[in-house]
Amino acid sequence: MNETRVVILGAAGRDFHNFNCIFRDNASYRVIAFTATQIPEIEGRLYPPSLAGKRYPEGISILSMDDLESLINKFDVDECYFSYSDTSYTEVMQVASRVLSAGAKFCLLPPSLTMLSVEKPAIGVVAVRTGSGKSQTARFIARTLNSMGKRVAVVRHPMAYGNLEMQRVQKFEEFEDLNRYQCTIEEREEYEHHIRAGNLVFAGVDYAEVLKCAEQSADIILWDGGNNDTPFVKTDLLITVADPLRAGHERLYYPGEINLMLADVVIINKVDCAEAWQVETIEQNAKLINPKARIICTRSPVTVDNPELIKGKRVLCVEDGPTLTHGEMAYGAAFIAAKKYGAKEIISPKNFAVGSIHQAFMKYKHLKDVLPALGYSKHQLKELEETIARVPCDTVIVGTPIDLAKIIKTVQPMVRAYYRLEEIEQGSILNIIQRTLDEFPALKK
């Protein structure tokens with residue numbers, strides 16, 4: 001029987017999950033390679049035999065997306081499966097054009113084929129764009145479930161940028177686990193708050209195994225999504241977070257619009273920072289394509305511990321990396337804090353950036369006044385540290401969810417900008433969660 005020859009187009013997350021669910025044990029297909037994009041320094045690796053399965057005893061190469069056309073031609077590839085997130089419809093079709101012009105089929109998998117079943121109740125938190133406030137929403141829901149006396153297992157979307165075999169199944173219970181798994185800044189941003197709150201966090205590469213471990217440890221599974229990807233688990237309640245500061249994007253980015261269509265609840269976050277027309281735009285779009293979804297508005301206020309280190313000072317604003325890069329935001333919490341607490345001047349880091357940080361500014365042209373906290377490797381962390389040291393500022397305002405001072409050293413004092421979800425209508429999310437859990441009699445014991 002002839003095998004369909006496949007390339008999976010990815011970014012070290014959704015691509016591996018699609019392979020595990022659809023292709024790993026499927027004799028009708030032969031996966032030739034993965035391609036890598038969005039995340040620096042993730043190509044050139046091997047999806048190892050231990051994860052690839054018995055049909056791939058030599059593993060599967062992970063190659064640069066730049067080589068897509070030559071890869072299709074060299075190996076006579078039949079189909080290419082688009083398997084990464086937070087891309088505009090224009091970008092999706094540009095990739096499709098590359099695939100089609102090279103002679104292969106361009107394919108998308110429906111999310112339902114890769115949503116794994118669990119026996120425990122599952123709540124999913126996803127978004128329409130990176131940086132919408134998904135993580136703070138997941139933390140809010142975790143606190144709500146904790147207040148109800150429920151044990152929560154947070155299952156986080158993969159960030160498989162390191163040793164894939166070591167990352168097959170990861171359990172984070174203590175801060176030392178972050179060092180044990182050699183977590184990047186992006187991973188620490190997602191895990192630290194949950195660990196501090198006493199929640200177990202699970203992640204990895206093989207999510208069938210990840211979910212088995214999570215179910216053994218908790219009453220409820222909380223899916224904490226990545227970027228604007230669809231969930232890897234079948235949910236009993238799906239909450240989609242939308243960002244009015246990018247109003248209209250909820251209908252222009254893949255697969256964020258799918259999350260809007262599938263949502264049981266749409267949270268319009270950051271309404272305290274948005275104009276009325278921006279909030280109304282999202283409300284209208286949500287009602288148009290998903291009239292059954294409940295719409296809730298929330299705030300995302302920014303605070304700092306040491307406002308005196310900002311007022312009248314020259315400041316550098318360091319922001320969450322993915323939110324600025326493929327999330328395409330021009331600023332974040334640190335910039336808002338600088339304005340709110342009276343900074344004398346916000347110093348642009350663009351002309352002081354070195355190495356891969358400089359390259360990020362060249363790639364993402366919208367970045368001008370803020371510095372993305374990129375740290376996917378030890379080398380890049382050093383470049384981030386050097387970039388900050390070169391900026392002539394009095395204070396560094398850190399808008400990432402982690403304590404950056406534990407990872408890098410700076411001459412200038414650091415001030416952390418904090419943000420958390422606040423409901424406009426108090427108790428609205430609790431009531432929705434309670435109604436969902438009422439359908440599971442075992443949780444009433």
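Tutor: Let us begin with accessibility: a residue is called buried under 20% relative accessible area, exposed over 50%, and partly exposed in between. The model before us is predicted. Asp76, with a relative accessible area of 56%, is therefore exposed. Asp76 is placed in the loop between helix H3 (68-74) and strand S5 (79-83), and it has a positive phi of about 50 degrees although it is not a glycine.

Student: How is a nonpolar core to be read, and which residues have the most contacts inside the largest one?

Tutor: In soluble globular proteins, nonpolar side chains tend to be buried together. Here the largest nonpolar core has 117 residues, and those with the most contacts inside it are Phe16, Phe19, Phe23, Tyr47, Val155, Phe172 and Tyr191. Leaving out residues up to four places away in sequence, Phe19 touches Ile8, Arg24, Val31, Phe34, Tyr47, Leu51, Ala52, Tyr56 and Ile60. A second, separate core of 19 residues includes Ile32, Leu71, Phe82 and Val92.

Student: Which residues of helix H12 (residues 333-340) are buried, and against what do they pack?

Tutor: An α-helix has 3.6 residues a turn, so residues three or four places apart point the same way. In H12, Ala333, Ala334, Phe335, Ala337 and Ala338 are buried. The buried residues of H12 pack against strands S17 (302-304), S18 (314-320), S19 (345-346), S21 (395-398) and S22 (414-419). After H12 comes Gly342, with a positive phi near 75 degrees.

Student: How does one describe a pair of packed helices?

Tutor: Two packed helices are described by the angle between their axes and the distance between the axes. Helix H5 (residues 134-147) and helix H7 (residues 185-196) pack at about 15 degrees, with their axes 11 Å apart. Because an angle under 35 degrees counts as roughly parallel, H5 and H7 are roughly parallel to each other. The crossing of H5 and H7 is right-handed. Ser135, Ala138, Arg139 and Ala142 of H5 make the contact with Glu190, His193 and His194 of H7. By class, the residues of this contact are two nonpolar, three polar and two charged.

Student: At what angle do helix H13 (residues 355-363) and helix H14 (residues 378-390) pack?

Tutor: H13 and H14 pack at an angle of about 80 degrees, and their axes are 7 Å apart. H13 is therefore roughly perpendicular to H14. Gly355, Ser356 and Ile357 in H13 meet Gln380, Glu383, Leu384 and Thr387 in H14. This contact of H13 with H14 has two nonpolar, four polar and one charged residues.

Student: Where does Ile407 lie, and with which residues is it in contact?

Tutor: Ile407 is in the loop between S21 and S22. Its relative accessibility is 24%, so Ile407 counts as partly exposed. Apart from neighbours within four places in sequence, Ile407 is in contact with Ile185, Arg188, Leu381 and Ile402. Ile407 and Glu385 are 22 residues apart in sequence, while their C-alpha atoms are 9.3 Å apart in space.

Student: Which residues does a cis peptide bond join?

Tutor: A cis peptide bond joins Tyr254 and Pro255, with omega about -10 degrees. Pro255 lies in the loop between strand S14 (253-254) and helix H9 (256-262).

Methods: Residues are numbered from 1 along each chain as its sequence is written. This is a predicted model: local features need pLDDT of at least 70, side-chain atom pairs count only at pLDDT 80 or more; totals for chains, interfaces and linings use all residues. Side-chain values use heavy atoms; hydrogens and water are left out. A nonpolar core is a set of buried Ala, Val, Leu, Ile, Met, Phe, Trp, Tyr and Cys residues joined through side-chain atoms within 4.5 Å. Buried means under 20% relative accessible area, exposed over 50%, partly exposed in between (1.4 Å probe, protein chains only). Contact means heavy atoms within 4.5 Å. Helices (H or I, at least four residues) and strands (E, at least two) are DSSP runs, numbered from the N terminus. Axes are lines fitted to C-alpha atoms, for helices over the stretch in contact, and angles run from 0 to 180 degrees between N-to-C directions. Angles under 35 degrees count as roughly parallel, over 145 as roughly antiparallel, 65 to 115 as roughly perpendicular and the rest as oblique. A crossing is left-handed if the near helix is turned anticlockwise from the far one by less than a right angle, and right-handed if clockwise. Ala, Val, Leu, Ile, Met, Phe, Trp, Tyr, Cys and Pro count as nonpolar, Asp, Glu, Lys and Arg as charged, and the others, Gly among them, as polar.
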